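Here are my notes on this one, point by point. Have the model open while you read.

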Amino acid sequence: MSANFQRHRRLRTTAAMRNLIRETSLSANDFIYPLFAVEGENIKHEIDSMPGVYHYSLDRLEEEIEEIVNLGIQSIILFGVPNHKDECGSAAFDEEGIVQRATRKVKQWAPQLVTMADTCLCQFTDHGHCGMIHGDYVDNDSSLEVLVKTAVSQARAGADVIAPSNMMDGFVAAIREGLDEAGFINVPIMSYAVKYASQFYGPFRDAAHSTPQFGDRKTYQMDPANRREALREAASDVEEGADILMVKPAMAFMDIIREVRDNFDLPVASYNVSGEYSMIKAAAQRGWIDEKAITLELLTGLKRAGSDMILTYHAKDAARWLQELE
Ligand code: PBG
């Protein structure tokens, strides 16, 4: 019989054949691991809604950094949970702030680890918004000044990449200018270019104590229903001098990752956020899914969608599983 159809299954007959044919590969090089640094001593405290993710005080962070490096992960992004919050988020740009101190330590322990600093104010403001408040409005331009100060102080502490996440208009241009003036011409900006106002950030806000005390973030973060707007957001960040474009969240926005990949030449990062992580952990803990297989499938999917790199709380587990497969 030589029927007139294609035999796609010919290329799926053995594992070796499938390995040859595979279009997308995943490696520990692709991951950026988010870390939460807190004030205090001897703290390694698991975040309730994010099993396997911890708050670390600086004296306990070294063991974690060592593990990350040993797993072959090349990069981390640091979030800080300060003790002191005020209206203008002054702990965000304090040279002795938690992120600045953590950055200096990490660069001392692991100089080769690409250490990114999340540049935002919501963990540091008493109102929990990502910028300066005028009445009940989050003011754009006065927020930029504070963000620039924050970014420069992070670069001064040794941050290798500045990752502004606060979604004020013009933040890339302002931070680029500030970094250049301060002499940090070689510190790249990974812009949270396309960041949606998402419910998937819920567990992170528990972890970072950054829930807005009134209102929501919808006047600065994007409406999840919008695709064309994502291209406008990305285009303006490219024009302003971004070095890497990020899409966030990832799982429910894979079409957006693809759009950004297809429309721009810059490296694309996707942020597999806290709520996405917690859903997998919760289902796995109940024995409803195979955590390892599902996680690797998801991360491969994010790469296939166009991500060059993935910020993910699964990074350590995934790196371990990939080592086992080798
Ligand atoms: C700060 C920030 C948030 C996340 C990263 N940076 C929270 C937010 O915008 O409310 C979310 C990360 C996650 O959910 O894993 N602006």
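1. For the class counts below, Ala, Val, Leu, Ile, Met, Phe, Trp, Tyr, Cys and Pro count as nonpolar, Asp, Glu, Lys and Arg as charged, and the others, Gly among them, as polar. This is a predicted model, where local features need pLDDT of at least 70, side-chain atom pairs count only at pLDDT 80 or more, and totals for chains, interfaces and linings use all residues. Residues are numbered from 1 along each chain as its sequence is written, and side-chain values use heavy atoms, with hydrogens and water left out.

2. On to the cavity. A search of the whole structure turns up one cavity of 30 Å³ or more (on a 1 Å grid over the protein atoms alone, a set of points where a 1.4 Å probe fits but cannot get out; lining residues have an atom within 4 Å of a point). The largest cavity holds about 160 Å³ of space (the space filled by probe spheres set on the points, which are joined across faces, edges and corners). It has 20 lining residues, with Cys122, Lys195, Tyr201, Phe204 and Lys248 closest to its centre. Its lining splits into ten nonpolar, five polar and five charged residues.

3. Pro249 sits in the loop between strand S10 (244-248) and helix H8 (254-263) (helices are DSSP runs of H or I, at least four residues, and strands runs of E, at least two, numbered from the N terminus).

4. Now the largest pocket, with a volume of about 360 Å³ (a pocket is an open set of points with protein on both sides within 12 Å along at least five of seven lines). Of its 13 lining residues, Arg22, Thr24, Ser25, Leu26 and Thr300 lie nearest the centre. Helix H10 (291-304) and helix H11 (315-325) each give two or more residues to this lining, and H10 has the largest share, five residues.

5. How do H4 (140-156) and H5 (171-181) pack? Their axes, lines fitted to C-alpha atoms over the stretch in contact, come within 9 Å and cross at roughly 45 degrees. Contact (heavy atoms within 4.5 Å) involves, among others, Leu144 and Leu147 of H4 and Phe171 and Ile175 of H5. By class, that contact has ten nonpolar, one polar and no charged residues.

6. Lastly, check Met167, a residue other than glycine with a positive phi, near 70 degrees. Met167 is in the loop between strand S8 (161-164) and H5.

Notes:
Axes fitted to C-alpha atoms, helices over the stretch in contact; angles between N-to-C directions.
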